[in-house]
Amino acid sequence: MRNYNVLKIAPAFLLLGSMLHAQQSDSAKKETEIEQVVLIGYGAKKKSDLTGSVTALTDKDFNKGAIVSTQQLLQGKAAGVTISTDGAPGGGANVTIRGISSISGNTDPLYVIDGVAITRESTGGVGNPLNLVNPNDIESISVLKDASATAIYGVRASAGVIIIKTKSGSQGKWKFNYSGNAQLNMKMKTYDVFSASELTDIVKNQLPAKYDLLGVRDASGNQALYNTDWQKEIYQKAWGTAQDFSARGNAFKGKLPMRLSVGYNNNDGILKTSNFERMNASINLTPKLLNDNFLITINAKGTKTKYRYADTGAIGQAIAMDPTKPVMSDLPLYQNYGGYVQWLQEYTSGSNTFVSTPQNVGLGNPVATLEGKRNIADVKQFLGSSEFEYKFPFLKGLSAVANLGLEYTESKTTNDNQAYLTAVNTSTGAQIPYADVSNQVRNNQSLDLYLKYNKSDFNSGVISDLGFTGGYSYQSFRNAGDASKFLNDPSQYSYGYYRDKGVLISFFGRGNITFVDKYLLTLTVRHEASSRFNNSQYRWATSPSAAFAWQMKKEDWLKDNNFFSDMKLRLGWGITGNQDLGNNWYPTVAYYNIVNSPLANFVSYPNGINQAPVFLSTINPNAYNSQLRWEKTAQYNMGLDFGILKRITGSVDYWRKDIQDLLYTAFLPAGANYNSKIAGNFAEIKSQGIDVDLNFKVINKAKTKFDLGVNMGWVDMKTTKVNVDGSIDATSFGGLSGLVQNPNVQAMSVGNIPYEFYLYKQTYGADGRPLEGVFVDMNGDGKITPDDRYLTGKSGIPDFTFGWNTFLQIGNFDLRTVWRASLGNYAFNNINARYSTLKYIDSDGFGAVNNTVTNYNNTGFVNAPGSFQFISDLYLENASFVKLDNITAGYVFDNFLNTKTRFRFYGSVQNVFTITKYSGLDPEVGTDRSKLGVDWNLYPRSRVFTFGVNVDF
Amino acid sequence: MKKSIYKIIFIGGICLSTISCLNDLDQVPEDGRVTVENQFENDPYGTYVGLNAKLYAQLSIAGQGGPNGEVTDASDLDGFDGGSSNYFRVWWSTQELLTDEAKNSWEGDDGMIDLSSANLNSSNKVIDNFFYRIFTAISKTNEFVRESTDEKINSRGLNESQKTEVKYYRAEARFLRALLYFHAIDNFGNVPFIDETDLPGTTAPKVRTRQQVFSFIEGELKDIIPQLRPARSIYGRADKAAAGMLLAKLYLNAGVYTGTTRYPDCKKALEDYVLNAGYTIDTNYADTFKGDNNTSSEIIFPIVSDPNNAQSYGNMSYVINAAGIGKTDGIDLQPAFYLGSSGQWGGNKTTREFVGLFNTSDKRAMFDKRTGLIEFISDLSVDRQGYRVTKFTNIRKDGSYIAGGSGSNFVDTDFPMFRLSDAYLMYAECALYGAADKNIAASTYLNPLRKRAGLADVSASDITEKFIIEERGRELYWEGHRRQDLIRFNRLSGSQYVWNWKGSANGNSLSSTINLMPIPYNQVIMNPNLKQNPGY
């Protein structure tokens, strides 16, 4: 188990349970430290025999409270593992192990659930691929951090591997568990915008011609000004509940251990109309046949989820909507719009009266947007795995294993908007509601076949343990879908479809030897090919690794030492590859796209200029890169596991990663290819870091315990090469949002941190206020050009991440806290950059009046951000933070009312408070990896109060 | 016993690996994307037709998907919006907004106001779009030429008439490539160069000088003219006359591109391919720009639109919709469908100096000067400042119109890239510089245009520099020629001719930097072979 270092030592200690997930009866007088078995690729090892860098967590270590997604179980628990979650219910989470491992698409680690490696890409509607698993069903999670542990998983594992094992059946009597909770989500901060009277003053003084547009015109034509707090109107107190029931036991007199569980989850989000409802069921069977020689594990999980997504654009609309207008009105002008007040202008042309939006960019009442849009995703998922292990009777220690996995997801996403969200068509008077449907089916299958052999009963000699594993793996990925848009408007109806298929084939092997029970050596190799590199010369990749561990505690000179209760040195090296380009399975294939809209033809008149024309549909050659190859990461790891006085355990790791041929879809020089962007191998990044995990058992008595766990990760990353293959635009990272064409604010430059902010240096006046459009002329050429940007040395990647936990138990009462901190990460406040200008109040020259953030008082800017002011270091802020993530208090009744059932009641608060200097809503600025550190319209995280009960009987 | 077990396992392992379906690694798409090999195997002729159609369509339609991305992406250029990054739209905007003929008021569209005020820098988004579009378009013409070598045509199972068609298509592809390079060197000077020997990849293309590309274009056109269809074969496709016209334009501007003028060659190209090819000027000037201008007798090479089948926010729909007057303060100055489409986006207007070039009786002066519009533009972003041009309209000769799309935005009017009246004026310009007879120029070529415009005849002595450049403005305005013409007559830079918003509201002299566009900043970074143009 890992523990956590803390700078300011808090007077609390966390129990470092190196315990198997066994019954936890308080009546146990003696604590027996049962050696924990940790899952590694294609097998398991005792923790003391591990040679790689692995963090293993069991149920005791998981975070408690309102846990909806599996990633939440791990937050703050493992050094070097940072997890940031999306605020939306059922939303996604980014998990990063030891810094960024890649710059293309998804750099989440590989998740292996019960032996099946699941897809990382989102499927229409499913924000979080781990929504498949009910966190209550999880028995243990192993986080494999370095290459010597992950190399056996080959190419999908260069960002680390998280192995999840779900609970299985047991021998003995049937045991049941019910857990249920109720939760209340409340919003925390909202944006600081002007009130109705403040805005009225600004318009009166600075945009007097627009004063008449404020408020609404009542029946007699007089201007009526209201006072609406739009942000208050779009958020709600959100309730949720989770109910889970599980039964574990066995049938046929212990021959068929089984576990069944069902669960139900229903959460509203704090943004009105957002909701997440999930039902899941799982079954786990582990029969042993043929005299315990034939082990079968069958796992099946099914999930049915329904999401109603609230349009997060409403958050931006709530900032911009005029506070002098009411939410709804009876005036006839708004009748066609559901009674919601929108920016409408009545005008006459000839004998007709028309109504349309002056901004012409969609209707802007955020309440109408939320209520009028119905964006529903219905998702059915199935994850099944079956593992068969046959132990050969003639040779003890040799077994053959076959593992089949199936991951199937079917989703149907619909948009079914109310008619009142469509502007009235000025020529026909029609108001057609928008509707579309898209379907997606993912079908991933895997087959692993391998032999494993282990001999540990050597009587004498140097070798005390010997093992081999060798096998073959085949994975196929199918993704198909279609989309129909404008179902209600035949003149715009369209239909498109796609079908992707990818295949990964690999051969792998591992050997491990232990010498004199103290020196452990592990070697692995994996040789695999991906269909993504069809047509490329670089199809196959080999991932070798080697690791050595020295159990110093077993040495004669440490064996009887009472100060050091444990000491182990680990050294590891490995090469892993990456071929992940998300849903882009054919980057190397030369193909033509023959799908062409009937609205986009080539027109000519072959029959004469006075005859009818002929329409020809067009064929488009697609860009491809035949030189595409694997991204390769070489990792080195050196670690020390230690224990002091049986009270303090911990480990320190130093690691290095050299990533070559980074995959990235980059802009190309014009003329290089048929398109402006292509996937290629473009850069090299070197990173290094230190992970520290500490665990202190401050008080460790029978009925009183106080544990403190601390972890710290330090990461230092540098880009060492940028144009490996061809030349890319190294400054086209970190795209902003808010305008039609947005600039980029980040660059990859040699010798510096990746995703470094690359900005103009703002100049300030004597009063300390920024001067609009005035920047430091860095190269002294007398004008401001893109060459005057400078590398700020700052990026969204933190230098240090910390986590610490406390666990206090007094009798039947327990109290836990989880803290997290991050230092050295910066954020670019895209919201302030876009909105802090008078031009925005002027609605960019359209005929409306917008509200804006009060930061406008600090800038006094007049123009739209353009391509210079938008990229100013004025908006770059330090977003380091300390957060108290979770406080949970619980009380256990062991023998409730003498019924031999164990009740645990608990209450918890999540997102308790945050300490930060950052001026935006939340210093953890979102889960979009393509713009690390850019803060735009994120779904706000809420404070969650949970009350729940856990019953074992 | 153990040995045989090991043997079984070993053999079993071999069997497994043969079942490993290594062939499964050869995955190709199974939907609307077809590998090039399969495409030519399944339907060779259809593939040639479709690929060739793309080369024309890409000049005015941004992608495969329809104007709103109905079927698939609206723009086939990643990272660039389908409506505003359209080739025709960015080309037209750069050729017209920089001059006295047009100004734009859209602050929200980055780059348009800077073009209008001749305040150019290498971050200009419109120029960035333009540069990317030219070369991705060229790369697709190269693909066609690569796939239509004689060898490949003969080996793909086409019958004789199909082979002949494909050979015409190949010549047309080379014409389109020459046209794109012509635009490239006209605007950017020394440019990246790729031809059919350059396969798509990730490396930055090499750069050739303006002179080298000039020679390339000249060689290509001379080579393909015999291979193209005869003049006036198919409206919308390139033919001998179109290629001859492009060759003449190349020679007309040779002084600017190479430093040596080639007026005699220009005159010869006009006489050989254009002036006697059977085109006649339209009787009524306005008819050449109406919704049914496909019936024109003088258009040599058009970019064709169709309101229902070739819709785009960036083809002629852009020019016509942006030429209307937008709504301001709830008031609509123009009646609905004034120009035959509902657009009335507002945005493009003209300058006082340009309007001043016209005589009051000139029928070609088609402006909207109604009350509510202010002639002098003091603030570019105000829509009501600047008179409107009503030359291009979606309304047909008989007064009816068809506008397509649910918003009735999309027009029928074609864009005349080359037309006979231009050739007439080019002949007169050759005469100005001694390469042709001034009397013939005046009587055969200039006077028919003058008569049609309702103006008095001119004689040989009237043919001066000032007359030619101004007459070209009056005859060919808003047709994408102005920037090129002003540069040739040294009037884009300098103070000889100054107009509203040439550099500042009242206009000022501009340095010669303005005669070339800046190469987009990102391109200079990405392509180490490219050098930025002087002054930027």
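A salt bridge here is a side-chain nitrogen of Lys or Arg within 4 Å of a carboxyl oxygen of Asp or Glu. Keep that in mind as you click through this predicted model, in which local features need pLDDT of at least 70, side-chain atom pairs count only at pLDDT 80 or more, and totals for chains, interfaces and linings use all residues. Residues are numbered from 1 along each chain as its sequence is written, chains are lettered from A and ligands numbered from 1 in the order in which they are written, and side-chain values use heavy atoms, with hydrogens and water left out.

**Stop 1: a pair within one helix**

Select Lys268(B) and Asp272(B), which form a salt bridge with their closest N and O atoms 2.7 Å apart. Both sit in helix H12 (residues 263–274) of chain B, 4 residues apart, about one turn of the helix. Helices (H or I, at least four residues) and strands (E, at least two) are DSSP runs, numbered from the N terminus. Asp272(B) is partly exposed because its relative accessibility is 43%; buried means under 20% relative accessible area, exposed over 50%, and partly exposed in between (1.4 Å probe, protein chains only).

**Stop 2: chain B as a whole**

Now zoom out to chain B. Its secondary structure comes to 19 helices and 9 strands, and 64% of its 536 residues count as buried. Along the principal axes, the C-alpha atoms fill a box of roughly 110 × 55 × 50 Å.

Next, pick Ser161(B) in helix H8 (residues 160–188) of chain B. Ser161(B) is exposed, at a relative accessible area of 52%.

**Stop 3**

Over all chains, a search of the whole structure finds 73 salt bridges. Side chains of opposite charge can pair when their charged atoms come close.

Select Asp311(A) and Lys373(A), whose side chains meet in a salt bridge (2.6 Å, N to O). Asp311(A) lies in the loop between strand S17 (294–309) and helix H5 (313–320) of chain A and Lys373(A) in the loop between H6 and S20, so the pair ties together parts 62 residues apart in sequence. Asp311(A) is partly exposed at 26% relative accessibility, and Lys373(A) is partly exposed at 27%.

Then go to Asp517(A) and Lys554(A), another salt bridge (3.6 Å, N to O). This pair links distant parts of the chain, 37 residues apart: Asp517(A) is in the loop between S24 and strand S25 (519–530), and Lys554(A) in the loop between strand S26 (540–550) and helix H7 (556–559) of chain A.

**Stop 4: a nonpolar patch**

Which residues make a nonpolar surface patch of about 410 Å²? Select Leu487(A), Tyr493(A), Tyr495(A) and Tyr497(A). Patches are made of residues with over 30% relative accessible area and no salt bridge; like charges are joined within 9 Å, nonpolar side chains (Val, Leu, Ile, Met, Phe, Trp, Tyr) within 5 Å. Accessible areas come from the Shrake-Rupley method with a 1.4 Å probe, and for residues only the protein chains shown count as cover. Tyr497(A) lies in strand S24 (residues 494–515) of chain A and is partly exposed at 41% relative accessibility.
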